[in-house]
Amino acid sequence: MEAAMFSIIAFYILSAAFRAFRIRSVESSVLMGSALILMLSLMGALTQSWGHVVDGVVVSTHNGFFDNFKLEVIAEWVKKYMQTPSIRAIEFGVGLGTVAMGLRIWLGLEKGGGGA
Amino acid sequence: MLQTLQNLDRRILYVTLVVLCSLFLFVPGELPVAVDKQTVDLYSKLMTVPTDKPVIIETDWTVSTRGENMGHLEALVRILMARKIKFAFFTATSEAPAVQVSRMVVDRINDERKKAGLYEYKPGEDYISVGLFPNTEGIQVAMGQDLRKAWGDRKVKTTTGDKGVFETAVMKNVGSIKDVSTMVIITASSTVDTAVERLSDKVDLTLMCTGVVGGTSLQYYPAQLKGMASGLKAGYEIEYMMRYGVNVPDAKGVVKVPADRPEQIPAITEGVTLDRASKYYLTLHVALVVLILAVVLGNVTMVMAKRTNGGAK
């Protein structure tokens, strides 16, 4: 049952990708760009082929900077410097909010809900 | 043409996905892969843990995520069995089938080894299944405080009948969780979060999780998690390292898995290496290509429609 439910999600994702994932603003373009990089980085055959192209450029130009254009390097950068800090920030926010609400209830300042 | 694309029946998309994914499941082949640092760390950890201490596996997944987690558990069990490391596995989630699917995986790998003439792991002597604990955080807290009390009342199957967990050869020398070499969490949910909160200062934690959970768990690496494998790609990476090792040159001097570390980590020399994740990895490529094409096609259709309508929405 669970496996079937999870499998069905694949169809909805595909349908949504075709009908709803439209580039209409700068924000959606950024989202699309990062999603594309991460999806491409999951494809080992592609990352290896592109990696060989980048290696060729690095060798011919003697410039290691071009190594940064490897798909896995870009994906790693996105995950390390954009995704992880965002998640940490959200979790810190949730934690601080929970502490603040706990204090308000404890001090009798919260009159609605559980404090009523 | 434009009208046809705009009004494309979603059933055509569904059939395209089913046909392509099903077809490529049967195409054998080994794909190259660039291995992530956290997966190399996980493999390195598993290949270097002492063989005289047991490993604890927390296996919190069911068939809904078998595409990712079953490959993870299979690879893990193969590595442990190849290194002759004893292990205990348990489930810390309210989903009861999680215990059964894990037992089935261990039994299947054991059968596979038996057929290949390799050493067969015996319940009670080489591994134990501790069973289900439905309160995730409760059992993790208890394990951190006193493993003997947390698991003490459990009876496990052995070759000589049911025995207490700490009467078995696997756990008899374990006084607390600190006597365990590492704990591997295989999960499809947030059970890793509480494990990190409650156990990361007591035992080396490593993680094998679905791609979805991996996104939010990456923040724990490398401080609280000593290595992690996220999603199907990482499952394939583990199998790939089992086949080729890390920083190990082949007969032609080619290093298939180069890593930014000085030492070599050997490959697994017995039993199956490339298996489930390898079979699914090509299909993952196909599914992602279909997805990307769907996004591109959808946007091209939108742009064409705008031009046709003179820029009107």
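Trainee: Which residues in H6(B) meet which residues in H8(B)?

Mentor: This is a predicted model, and what follows should be read as such. In H6(B), the residues concerned are B:Thr136, B:Glu137, B:Gln140, B:Val141, B:Met143 and B:Gly144. They meet B:Thr191, B:Thr194, B:Ala195, B:Glu197, B:Arg198 and B:Leu199 in H8(B). Sorted by class, the residues of this contact are 4 nonpolar, 5 polar and 3 charged.

The geometry comes next. Helix H6 of chain B covers residues 136-145 and helix H8 of chain B covers residues 191-199. Their axes come within 9 Å and cross at roughly 25°. Angles under 35 degrees count as roughly parallel, so H6(B) is roughly parallel to H8(B). The crossing in which H6(B) passes H8(B) is right-handed.

Another helix pair of chain B can be set beside this one. Helix H4 (residues 66-82) and helix H5 (residues 97-115) of chain B have axes that come within 10 Å and cross at roughly 50°. These two helices are therefore oblique to each other. H4(B) also passes H5(B) in a right-handed crossing. From H4(B), the contact draws on B:Met70, B:Leu73, B:Glu74, B:Val77, B:Arg78, B:Met81 and B:Ala82. H5(B) contributes B:Ser102, B:Val105, B:Val106, B:Arg108, B:Ile109, B:Asn110, B:Glu112 and B:Arg113. By class, the H4(B) and H5(B) contact has 8 nonpolar, 2 polar and 5 charged residues.

Beyond chain B itself there is the interface with chain A. About 3400 Å² is buried between chain A and chain B, with 67% of it on carbon and sulfur atoms. On the chain A side, A:Phe11, A:Leu14 and A:Phe18 lose the most area to chain B, together 21% of what that side buries. The contact involves 35 residues from chain A and 40 residues from chain B.

Salt bridges give a further view. Between chain A and chain B the count is 0 salt bridges, whereas over all chains the count comes to 21 salt bridges. One salt bridge joins the side chains of A:Lys70 and A:Asp55, at 2.9 Å from N to O. A:Asp55 lies in helix H3 of chain A and A:Lys70 in the loop between helix H3 (44-61) and helix H4 (71-106) of chain A, so the pair ties together parts that are 15 residues apart in sequence.

Technical notes: Residues are numbered from 1 along each chain as its sequence is written. Chains are lettered from A and ligands numbered from 1 in the order in which they are written. This is a predicted model: local features need pLDDT of at least 70, side-chain atom pairs count only at pLDDT 80 or more; totals for chains, interfaces and linings use all residues. Side-chain values use heavy atoms; hydrogens and water are left out. Axes are lines fitted to C-alpha atoms, for helices over the stretch in contact, and angles run from 0 to 180 degrees between N-to-C directions. Helices (H or I, at least four residues) and strands (E, at least two) are DSSP runs, numbered from the N terminus. Angles under 35 degrees count as roughly parallel, over 145 as roughly antiparallel, 65 to 115 as roughly perpendicular and the rest as oblique. A crossing is left-handed if the near helix is turned anticlockwise from the far one by less than a right angle, and right-handed if clockwise. Contact means heavy atoms within 4.5 Å. Ala, Val, Leu, Ile, Met, Phe, Trp, Tyr, Cys and Pro count as nonpolar, Asp, Glu, Lys and Arg as charged, and the others, Gly among them, as polar. Buried area is the accessible area (1.4 Å probe) that two parts lose on being put together, summed over both. A salt bridge is a side-chain nitrogen of Lys or Arg within 4 Å of a carboxyl oxygen of Asp or Glu.
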